[in-house]
Amino acid sequence: MNSEEEFYDAETGLDSDDSCEVSFKDATVYDGKQTSNGSTLSQNGVWGRRTTLPAPMFSRNNFSVWGFLKKCIGMELSKITMPIVFNEPLSFLQRISEYMEHTYLIHKACTLSDSIERMQFVAAFAVSAVASQWDRTGKPFNPLLGETYELVREDEGFRLISEQFWGKSVEAEPKGTITLELLKHREAYTWTNPHCCIHNVILGKLWIEQYGTVEIVNHSTGDKCILNFKPCGMFGKELHKVEGHIQDKSKKKRHVIYGKWTECMYAIDPKVYDSSRKAEKKSGSDAKKHKQEQSAVSDDSDEMPEVQETVAMIPGSSLLWRIVPRPPHSEQMYNFTSFAMSLNELEPGMETVLAPTDCRHRPDIRAMENGDIDKASIEKERLEEKQRAARRERARDEEDWSNRWFHPGTNPHTGSQDWIYTGGYFDRKFSDCPDIY
C-alpha cells in the first residue's frame, strides 16, 4: 500500500509481518504484591497470577465472516474496520509473547554440555512456540503505531519488551527471524516460524494448520536442525505432524526429532528411527497398535496429559517437550492457555510503572476482556481514527515516524537486515512517549 492511511485489523491475526520487534534483555521488576480478583498471593510472597478472565467470551454463532466480507466489496481497504466479534482480548504484541510459555526448555538447553543435545531442546522450544495457536481462531488486536508490551517473569528467567512499528503493510507470511543467544555457551541460534493457514474462513468450523520447513542454525558450531511441519493432506493423516533431524557441521545426521506441534516432541537415534519406519511399512501395522505401544511406555516414564495423545512413541525415544493441558474452562475463555490468561492482567502497582504505550492500558482490549463489547467497539474505532489523524498530521508537517526502543540494523549472526534493541526501556524514562490511547 502506498497510501499513508493504515489498514486496520484485516489480517488473520495468527501470522505477522516484521512490523514489530521483541527483545528478551534487561528489565526491572515492579513490586506490587497485593491480592486482587482472580489472583492470589502465595505463601512465599510470589504473586499468584490469575487463572481466568474477568468475563467469558461472547458467542460468535450469529456472526459470519463471509457476511461481513460481502458488505466490503468495492470498498477501499484502508477504510475497512473488522468487527470486534472476530477478536480475542489480547494485542498481537501479547500474542507473540506466548513464545515464552515454555522457557524451561531454554534453561534445560543451557545445562547441557553437548551442542547437539542443546539443539534438541532449542528445536523443542521452536515447536512449542506455536502450540498456543491450536484452536485459537480469534484474532488479536492489531497493535497501534508505537504500542509496546513488556513481560517480566523473573521466576521463569526472562524479561521481554516488544514494540509496534511500520503500520502501512498487510502481510500473511511470518517474515520475522527469531534470534536466541545462549550466553553461557556463547552460542546464537536463528530460525523463522512455519506458515500458518486458517481453514474455513468463509463457511464451516475454523481450524488452524501449521506447515512448511523451519531451519534452526547454531551459528557458533555449524549445527542445524531442519524441521518439516507437515501439511495435513487430503485425508488428514499428517495433521499437526512435525518431523526433522539434527545434523552437525559435517552434515552428519545425529538425531531425528518427531511429534506434533499440538502435543509433544521426541528425539531418537536416526538408525533406530529408520529401522522402526521400515518395520512399520513391512508389517503394515496400523496407528492403533502404535498408540497402544506408546501408552504402555509413557505411563512408566512420564505422566500422561489430560488431552488425548496420538503420537506413537518409538521405543528408545527421549521426550523433549509435552504441552501443558489447557484449563477446563478454556473454551469459554477464547481457548486461552493458562499463560495467555495472565498476559493482560494489571497487577497492583503496575499502572504507575508501565510505559503509557503498554497495551495493558488499551481501553478497547480492556473493555472486551471485561465483557463490554459495545464499549470495546466504540474505543477500537476511536483509537483507529486517532491513529489516522496522527498520521495525517505527520504528513502535513513532513515528519517521519521514529521508533523509540528499536532501530534498523544488521543481524550480527545472519547478516540480514533486522531490528536491533536500542536499550534503555527499563530505565523507565517514559516522559516523551507518544499519546496513542
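Start by selecting residues 366-400, where UniProt, in an unreviewed entry, places the feature "coiled-coil region". UniProt positions follow the numbering used here, feature names are shortened, and annotations may be inferred rather than shown by experiment. The end C-alpha atoms of residues 366-400 lie 30 Å apart, and the span is 80% helix and 0% strand. Helices (H or I, at least four residues) and strands (E, at least two) are DSSP runs, numbered from the N terminus.

This is a predicted model, in which local features need pLDDT of at least 70 and side-chain atom pairs count only at pLDDT 80 or more, while totals for chains, interfaces and linings use all residues. Residues are numbered from 1 along each chain as its sequence is written, and side-chain values use heavy atoms, with hydrogens and water left out.

Next, select helix H9, residues 373-396. The expected span of a helix is 1.5 Å times one less than its number of residues.

Now colour the buried residues of H9; among them are Ile373, Ala376, Leu383, Arg388 and Arg394. Buried means under 20% relative accessible area, exposed over 50%, and partly exposed in between (1.4 Å probe, protein chains only). What do the buried residues of H9 pack against? Show strand E4 (87-91), strand E5 (139-141) and helix H8 (363-369) to see their partners. Just after H9, stop at glutamate 398, which takes a positive phi of about 55°.

Move on to strand E17 (residues 406-410) and strand E18 (residues 417-421), which pair in the antiparallel sense over 5 bridges. Two strands pair if DSSP finds at least two bridges between them. Proline 408 stands opposite tryptophan 419 in E18. The hairpin has 6 residues between its strands, and glycine 415 takes a positive phi near 80° there.

Buried residues make up 50% of its 437 residues.

Technical notes:
Contact = heavy atoms within 4.5 Å.
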